[in-house]
Amino acid sequence: MRSITKCGTSIVLCLGLAACGGDSARTSAASSAAASAGAAPSSSTGARVPTAAPAWTRGAACYEVFVRSFYDSNGDGIGDLNGLIQKLDYINDGDPASKSDLGASCMWLMPIAESPSYHGYDVSNYYRVEPAYGTNDDFKRLVAEAHRRGIKVIVDMVLNHTSSQYPAFQEALRDTASPYRQWYRFSPNPLGNDPAVQEEAMKEATFWLRDMGADGLRLDAIQYLVEQGTCQMDCAGTHAFLRRYQAHVDSVEPGAYTIGEVWDSLGELLTYYPDQLTAYFTFDLADSLRTAVKRGSPGGMLEQYLRLQDTLPSYRWSPLLSNHDGTRIMTVLGGDMARARLAATLLLTLPGLPYVYYGEEIGMTGDKPDPRLRTPMQWAPEPGVGFTSATPWEVPQPDSMTTNVTVEDTVAGSLLNLYRRLFHLRKENEALATGHLTQLTASSPDVVAYLRRAGDDAVLVVANLGDAVSGVAIHSTGHVLPAGAYAAHDLLGGPNRALLQVAEDGRISGYVPAPGTLAAREALVLELTHQ
């Protein structure tokens with residue numbers, strides 16, 4: 001969520017630990033889950049700078065799940081944790097030889113703590129699973145089953161604001177002398193620092209990591225955690241709190257993963273490195289990738305990938321195509337399946353730790369208002385779309401009878417099976433898992449070409465974002481491979497391509513991977529083998 005957040009039935013500014021809905025409309029918004037603004041961390045509380053990638057992140061791609069919309073196990077029209085457990089094999093069945101699953105390495109669960117709102121982004125009890133989703137024990141069972149399949153579980157933590165039903169907020173409203181009064185900033189006279197609210201945030205992290213067994217935390221709206229005077233976003237106190245928070249996470253569960261939402265430019269995002277959270281979503285990369293595919297020309301699509309590669313390990317930044325806050329990628333692309341396939345191929349062959357929003361892999365559509373971005377997962381062409389035996393909590397999309405898992409499952413060329421193939425390739429192919437990205441040039445302005453290389457392993461990606469074009473030639477500006485001839489095997493199942501000849505100086509010059517026509521929106525993912 002961003003600074004203006006819909007919470008319950010009210011819209012309020014959530015510029016700290018804001019109470020959302022009901023009486024909170026009377027507050028200017030609140031102090032933050034990091035409300036002790038401005039205290040710089042000492043060396044004993046500063047977060048460490050990660051030095052090595054966690055093993056599970058190698059070649060990983062992650063999957064975002066809205067539990068309410070994923071699968072209903074008890075026939076009440078609402079998805080739940082037991083339903084998610086029943087569908088884990090779809091996400092990852094734990095068998096590396098199997099290709100009928102997505103093969104996701106982690107799943108991020110949108111908020112599952114108790115909340116009066118359907119979306120969960122206004123929490124009323126941080127220590128209890130939303131009853132409509134199940135119980136705390138159900139969550140622990142989910143973690144155990146996910147781990148058995150090699151899936152890490154990331155829980156959404158909403159520290160920036162609370163529900164108006166949150167007990168601390170209710171007491172603060174009733175009693176101006178309550179210590180909880182200092183957890184919130186009531187206009188027009190905001191109160192000062194309050195270490196107690198920071199301590200509460202630490203306790204919540206401990207609970208979900210140690211007591212509940214989660215593998216990591218996704219932090220919502222972190223730019224607004226600490227307000228200092230007239231500063232309402234990206235304040236020094238926010239950075240100080242995140243360092244302390246990460247140090248606490250490391251002390252509770254060494255190696256636990258954290259990822260934050262900083263919906264801003266790449267320049268602003270980089271101020272949250274190197275020693276705060278593990279990773280952050282890269283919305284600028286998402287924008288550039290979507291724009292390139294939609295307009296049919298790459299432009300500067302790779303520039304920010306290259307900048308991040310030169311700055312940070314790839315597991316510390318996460319590209320995406322869409323998520324629960326924005327128009328689904330299939331809708332952005334006007335329902336164009338060829339463009340959707342192209343977007344998936346680019347996302348999952350470029351560096352970073354990518355996230356895929358549930359249903360994206362089958363081409364689900366969705367646009368504002370928010371509930372229409374979060375409609376039930378389309379499992380089957382039947383009433384309830386295979387999601388529930390009852391009336392779904394939200395009406396499914398109009399195309400759900402033709403766009404669903406059952407229809408796409410057995411079609412070799414479906415979007416679902418392309419996503420499955422790409423997820424698995426990231427793990428199986430060292431170049432795609434860890435390889436260095438090198439931008440290449442193409443003779444057509446509508447074609448993007450790049451090399452991923454890790455030692456002797458190399459993959460060449462050539463993607464035509466525009467209309468059909470003939471005789472596209474690929475070049476490099478410098479040394480990219482050892483000299484010699486390379487066989488080009490299409491990892492997406494197409495025919496093998498012409499031998500690539502690399503000159504003595506290591507350059508690629510005039511390589512034509514498709515001597516005939518490179519079809520409109522066609523992508524080649526070519527594994528290069530030195531002969």
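1. In which loop is P274 found? In this predicted model, P274 lies in the loop between α8 (266-269) and β12 (279-281), and the peptide bond that leads from Y273 into P274 is cis, with omega near 5°. A cis peptide bond also joins K368 and P369, where omega is about 5°; P369 belongs to the loop between β14 (355-357) and α13 (405-409). As background for checking these sites, most residues other than glycine have a negative phi, and most peptide bonds are trans.

2. Positive phi values deserve a look as well. D234, in the loop between β10 (216-219) and α7 (236-252), has a phi near 60°, and this residue counts as buried because its relative accessible area of 17% is under 20%. R521, in the loop between β22 (517-518) and β23, has a phi near 55° and is likewise buried, with a relative accessible area of 18%.

3. Strand β23 (residues 523-530) pairs with strand β17 (residues 457-464) in the antiparallel sense over six bridges, and within this pairing A458 has L528 of β23 as its bridge partner. Strand β20 (residues 484-490) also runs antiparallel to β23, to which five bridges join it; here the bridge partner of D490 is L526 in β23.

4. For the helices, the axes of α9 (residues 283-295) and α12 (residues 337-349) come within 10 Å and cross at roughly 145°, and the crossing is right-handed. On the α9 side L289, V293 and K294 take part, and they meet R339, L342, A343, L346 and L347 of α12. By class, this contact comprises six nonpolar, no polar and two charged residues.

Note on methods: Residues are numbered from 1 along each chain as its sequence is written. This is a predicted model: local features need pLDDT of at least 70, side-chain atom pairs count only at pLDDT 80 or more; totals for chains, interfaces and linings use all residues. Side-chain values use heavy atoms; hydrogens and water are left out. Axes are lines fitted to C-alpha atoms, for helices over the stretch in contact, and angles run from 0 to 180 degrees between N-to-C directions. Helices (H or I, at least four residues) and strands (E, at least two) are DSSP runs, numbered from the N terminus. A crossing is left-handed if the near helix is turned anticlockwise from the far one by less than a right angle, and right-handed if clockwise. Contact means heavy atoms within 4.5 Å. Ala, Val, Leu, Ile, Met, Phe, Trp, Tyr, Cys and Pro count as nonpolar, Asp, Glu, Lys and Arg as charged, and the others, Gly among them, as polar. Two strands pair if DSSP finds at least two bridges between them. Buried means under 20% relative accessible area, exposed over 50%, partly exposed in between (1.4 Å probe, protein chains only).
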